[in-house]
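Hi everyone, thanks for coming. Today I'd like to walk you through one fold, piece by piece. Have a look at the picture first, and then we'll start with a pair of helices.

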Amino acid sequence: MKTVNIIGGGIGGLALANSLQREGIDFRIFEQAAQLTEVGAAISISKAALDILEKFGYRTQIENAGYKTRNFHISDKNLKIIRVTSTESPVTIIHRAKLIDILVSNLPREKIHLNSKLTVIKNENDFSDLS
């Protein structure tokens, strides 16, 4: 069986791992950090994205860890408001670190390799060798 190597244990890498696991495809996650966490503030998740996350069984966890809103402010790194916006459908706002905790919660720990930095990719005969 082929294994999909996922480089990066952030939101995208963990979402991909959940998708692969759901389909029965083997995977490994390689993350250069010593732990899976996210710096930064909140992230907004649309109804369409929640519908996808519901397939993994995470909708309730995400909704409970975040809050719904139709109106929100977007600020710069100094917390100066740069835009006020609203949506027709409510979005769920959740801290990035909480979302990562939820996405990793059903993944086997042995498939997550921390302190692993990708330095070389060799392509040979339709396969890639990572180191």
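Predicted model: local features only at pLDDT ≥ 70, side-chain atom pairs only at ≥ 80, totals over all residues.

So, helix 1, residues 11-22, and helix 4, residues 96-104: their axes come within 9 Å and cross at roughly 20 degrees. That makes helix 1 roughly parallel to helix 4, because an angle under 35 degrees counts as roughly parallel. As for the hand of the crossing between helix 1 and helix 4, it is left-handed. If you're new to this, two packed helices are described by the angle between their axes and the distance between the axes.

Let's step back for a moment. The protein has four helices and eight strands. Going along the sequence, you'd read the pattern β-α-β-β-α-α-β-β-α-β-β-β. The C-alpha atoms fill a box of roughly 50 × 35 × 25 Å along the principal axes.

Now for the sheets. A quick reminder: strands of a sheet pair through backbone hydrogen bonds, either parallel or antiparallel. We get to see both kinds here, starting with the parallel one.

In what order do the strands of the parallel open sheet lie? The order is 1-2-6, three strands in an open sheet with parallel pairing. Strand 1 (4-7) and strand 6 (112-113) are at the edges with a single partner strand each, so one side of each has no neighbour in the sheet. Between strand 2, residues 27-30, and strand 6 there are two bridges, and these strands run parallel. If you want to find that spot on the screen, look for F30, whose bridge partner in strand 6 is H113.

The antiparallel pairing turns up in an open sheet of three strands, in the order 3-5-4. Here strand 3 and strand 4 take the edges, and each has a single partner strand, so again one side of each is left without a neighbour in the sheet. From one strand to the next, the twist averages 40 degrees.

Let's zoom in on strands 4 and 5. Strand 4 covers residues 67-75, strand 5 covers residues 81-95, and eight bridges join the two antiparallel strands. Follow T69 across and you land on V91, its bridge partner in strand 5. S75, meanwhile, stands opposite I81 in strand 5. Strand 4 and strand 5 form a hairpin, with five residues between them. In that turn, L79 has a positive phi of about 65 degrees.

Last stop: the largest pocket. Its volume is about 320 Å³. There are 15 residues lining the largest pocket, and the closest to its centre are A41, A42, H73, I74 and I93. Which strand gives the most to the lining of the largest pocket? Strand 4 does, with seven residues. Strand 3, which is 42-45, supplies at least two residues of that lining as well. And what sort of residues make up the lining of the largest pocket: how many are nonpolar, polar and charged? Eight are nonpolar, five are polar and two are charged.

Terms used: Residues numbered from 1 in each chain as written. Heavy atoms only, no water. Pairing = 2+ DSSP bridges. 1 Å grid on protein atoms, 1.4 Å probe; cavity = no way out; pocket = protein on both sides within 12 Å on 5 of 7 lines; lining within 4 Å. Points joined across faces, edges and corners; volume = space filled by probe spheres on them. Nonpolar A, V, L, I, M, F, W, Y, C, P; charged D, E, K, R; others polar. Axes fitted to C-alpha atoms, helices over the stretch in contact; angles between N-to-C directions. Parallel < 35°, antiparallel > 145°, perpendicular 65-115°, else oblique. Left-handed = near helix turned anticlockwise from the far one by under 90°.
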